[in-house]
Amino acid sequence: MDVYTSSRGIANNPQVSHLLKTNKVRLLSFLSPKLFAKSKPVLVGWGYKPNTLKTRELAQKHQLPYWALEDGFISWLNHPSQSKPYERLSYIIDKTGMYYDASKPSGLDVALIEQTNFDVSRVERLREQLLKLNISKYNQARCEAEYWPSWLQGLKQNRSSCLLLVDQTFGDASIEFSGGSEKSFESMLSWAIERLIQDEKFHVIIKTHPDVLLGKKLGYLFKALNELQLDDDLTARIHVLTDDVAPSELIAIVSEVATVSSQMGFEALWQNKVVTCFAWPFYAGRGLTQDLCTQPLKYDRKKASLAQLLQAALIDYPVYLHPDTQQVCEVEAIVDYLQAHFLTRDMQCELLAVPNVSLWKRSFIPEFVAASSKKINFRGPKENDVALLWGMKDKASIMGVDSRLRGKDVIATAQINNKTWRIEDGFIRSVGLGADLRRPSSLVLDDQGIYYNGKQSSRLESLLESYDLNAYEQHRAAQLIVTLQESNITKYNVESSSDVAHFITQANGKEVVLVAGQFQQDLSMQFGAQEIRDNLTLLQQVKADFPQAYIIYKEHPDVYSGVRPGRIDESKVFEYADAYVTDTSLTDLFSITQRLCTICSLAGFEALTRGIAVTTYGLPFYGGWGLTDDRCDFPRRSRVRTIEELAYSALVLYARYVNWHTRRITTVESTIHTLVCDRPQTMQLKTSWFARQSRKIGYLSQALFKAQGLFRTGSRS
């Protein structure tokens with residue numbers, strides 16, 4: 001299909017050519033009409049902007065289709081001014097009109113009329129999550145509630161009756177084409193003042209754009225307000241808000257919203273607020289709003305419930321592109337992607353000092369922490385800096401747990417103030433071992449402790465104590481567990497598949513118990529073990545606790561690959577176990593196992609997600625929540641959790657993921673998909689010395705400029 005446009009921005013945007021399934025979007029020229037008869041192209045433009053007028057006239061003259069492009073209603077991770085044009089998350093491709101054109105039906109109207117796969121449960125879940133995450137069209141970091149103007153905080157605390165008036169920028173196409181004008185804003189303001197006169201306790205908030213006051217753009221309401229002569233009482237109850245407050249948070253504290261044609265009116269409907277319209281935005285005239293436009297609507301709009309409108313506007317009408325792949329996806333994938341970035345904003349600092357980490361770790365740490373810190377320093381922390389430490393190595397040094405960790409880590413720790421974050425491998429890490437220099441796709445960042453230190457609280461433990469999942473998150477967690485099961489993804493994904501059916505034959509009806517060995521000098525053992533502190537003692541205890549079981553002992557990958565020391569002699573293993581396995585896949589073993597026993601191995605969490613009973617002999621992060629048979633006490637953990645809640649907290653809320661093709665934060669689902677694709681090409685336990693050194697050189701080259709001191713991240717969400 002040949003596509004023409006008068007916009008260089010559209011012609012140069014690879015997302016547009018991809019969506020329109022054409023090799024190139026061509027720019028119109030004076031020669032173009034001569035080619036129209038042969039190719040019968042499609043003409044495209046950005047909505048109904050003034051610069052599209054000639055293109056639309058040309059399409060009408062030559063009886064060619066004109067397709068209007070626009071942002072979807074959830075379209076940007078940040079503000080467009082902070083983004084590239086090809087970073088849009090969604091597009092509208094309207095082949096019949098445009099949603100803000102009230103003179104004729106648009107593709108949105110068609111979607112409502114042809115709505116066949118209406119799913120009210122899905123829509124309600126989506127609406128709930130949009131509100132929980134404060135998602136809007138633009139999703140830059142907003143002004144936190146503690147920094148709101150004092151008058152706004154007061155209105156929220158007093159639960160005052162408020163009307164929100166939404167200003168818009170001068171010349172916005174949605175105003176003219178929805179039947180609005182400057183008089184519409186004047187009418188809206190006059191109507192609001194009448195409300196103030198009628199109720200002396202009533203307040204009006206005017207939400208205008210900061211650029212209006214700065215003189216960069218013109219608005220309507222601010223100008224109209226300055227032209228009025230109001231008494232002091234009325235003036236005191238009219239508040240102009242220029243701070244960048246999240247629309248959903250602002251809407252939540254008001255009782256009503258009035259607009260000419262802003263999307264904020266649509267978002268107010270998400271919260272079931274009373275919405276009054278002074279023009280005909282796409283959501284007006286459908287039985288959901290109070291419509292005070294003086295101009296009649298020029299066509300009969302289909303009445304709709306809020307759920308029907310939400311499905312049409314957020315699911316059926318736009319096209320979403322996943323930032324990792326630029327492939328078409330569902331709206332939920334975009335919501336999850338936004339959440340992944342929002343979560344990185346929960347931990348913020350000006351400068352993050354990362355002392356004493358290897359050069360190869362310096363090559364990947366910045367991508368994980370870029371959204372949390374403006375600058376990264378790979379030297380020691382100074383006063384007021386936040387120190388980022390790898391796991392619990394500093395504590396291990398001081399305690400004398402591992403003599404190899406003495407020296408520079410102790411010095412670094414002595415310099416560190418109480419602002420300390422910790423970083424460690426995530427639960428779905430890579431295809432290959434970290435010890436074999438395989439770059440992680442997932443890390444965890446913790447400002448309270450670290451998940452494997454069961455002797456003190458961590459950010460993950462706090463989440464499991466306090467965070468409640470809504471219906472959307474429950475549904476996502478259940479799907480995530482199914483994905484883990486079907487993909488056979490674990491932390492390292494290194495073992496090859498093997499036949500394990502013979503173990504069932506050998507067990508001869510006995511319960512099959514899998515004992516997961518651990519690297520005994522690993523910090524997770526130092527901070528997660530209690531009385532039982534080594535694999536051989538674990539085996540002995542499991543044999544005592546389950547004397548009638550068929551016991552399979554699985555050695556840790558780092559140990560049997562030769563990367564780490566500590567392998568148990570086979571003769572010792574067979575004193576207590578019936579079988580000893582090394583590179584047999586954990587996921588294959590899960591298929592025949594009824595119970596897994598471990599001190600604190602991540603294998604216990606992976607077993608829980610496969611529906612396998614788990615007995616713990618230490619203090620793993622997944623113990624103490626009512627899901628495991630625990631032989632140690634967890635006095636801090638008071639709640640009973642489901643496996644969905646555990647999986648969601650650990651894999652979605654706690655861990656961070658980076659897509660190494662885009663080098664940006666992504667979701668656990670996208671990471672699983674990437675690892676599944678990578679696994680067949682790179683799945684080997686330990687590569688050759690040459691391959692390992694080649695990777696080291698590559699990572700070293702990436703780390704060189706980061707190793708010189710300050711690294712400006714430049715990619716804060």
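The pLDDT is the predictor's confidence in each residue, on a scale from 0 to 100. Over residues 712-717 it stays under 50, and the model has 19 contacts (heavy atoms within 4.5 Å) for this stretch beyond four places in sequence. The structure is a predicted model, in which local features need pLDDT of at least 70 and side-chain atom pairs count only at pLDDT 80 or more, while totals for chains, interfaces and linings use all residues. Residues are numbered from 1 along each chain as its sequence is written, and side-chain values use heavy atoms, with hydrogens and water left out.

**Confidence**

- The protein has a mean pLDDT of 90, and 89% of its residues reach 70 or more.
- Residues 397-416 have pLDDT below 50, and this stretch has 26 contacts in the model beyond near neighbours in sequence.

- Helices (H or I, at least four residues) and strands (E, at least two) are DSSP runs numbered from the N terminus, and two strands pair if DSSP finds at least two bridges between them.
- Six strands in the order 8-7-6-9-10-11 form an open sheet with parallel pairing.
- Its edge strands are strand 8 (238-241) and strand 11 (290-291), each of which pairs on one side only.
- Strand 9 and strand 10 are parallel and share four bridges; Glu256 has Val274 of strand 10 as its bridge partner.
- Two bridges join strand 10 (residues 274-277) to strand 11, again in the parallel sense, and Cys277 has Asp291 of strand 11 as its bridge partner.

**Helices on this sheet**

- Helix 14 (residues 263-270) packs on the sheet and touches strand 6, strand 9 and strand 10; its direction makes about 155° with that of strand 10.
- Such angles run from 0 to 180 degrees between N-to-C directions, with axes fitted as lines to C-alpha atoms, for helices over the stretch in contact.
- Together, strand 9, helix 14 and strand 10 make a right-handed β-α-β unit; right-handed means that, with the strands pointing away from the viewer, the path from the first strand over the helix to the second runs clockwise.
- Helix 9 (residues 182-198) lies across strand 6 (162-166), strand 7 (203-207), strand 8, strand 9 (256-259), strand 10 and strand 11, and runs at about 170° to strand 6.

- Strand 3 (residues 42-46) and strand 4 (residues 66-71) are parallel, with four bridges; the partner of Trp46 in strand 4 is Leu69.

- A nonpolar core is a set of buried Ala, Val, Leu, Ile, Met, Phe, Trp, Tyr and Cys residues joined through side-chain atoms within 4.5 Å.
- Buried means under 20% relative accessible area, exposed over 50%, and partly exposed in between (1.4 Å probe, protein chains only).
- The largest core has 73 residues, and those with the most contacts inside it are Tyr99, Leu164, Ile205, Leu250, Phe266, Phe282 and Leu314.
- Helix 15 (residues 306-316) supplies the largest share of this core, eight residues.
- Another core, of 59 residues, lies apart from it and includes Ala507, Ala603, Val614 and Phe621.
- Beyond its neighbours within four places in sequence, Leu164 has contacts that include Ile205, Lys207, Leu250 and Met264.
- Nine of the eleven residues of helix 15 are buried, among them Leu306, Gln311 and Ile315.
- The cover over the buried residues of helix 15 includes helix 5 (107-113), helix 6 (120-133), helix 14, strand 12 (319-321) and helix 16 (331-344).

**Selected loop residues**

- Ser106 lies in the loop between strand 5 (90-94) and helix 5, and counts as buried because its relative accessibility is 2%.
- Leaving aside neighbours within four places in sequence, Ser106 touches Asp94, Thr96, Gly97, Met98, Tyr99 and Tyr317.
- Most residues other than glycine have a negative phi.
- Lys40, in the loop between helix 3 (32-39) and strand 3, has a positive phi near 50°; at 55% relative accessibility, Lys40 counts as exposed.
- Arg159, in the loop between helix 7 (150-158) and strand 6, also has a positive phi near 50°; at 75% relative accessibility, Arg159 counts as exposed.
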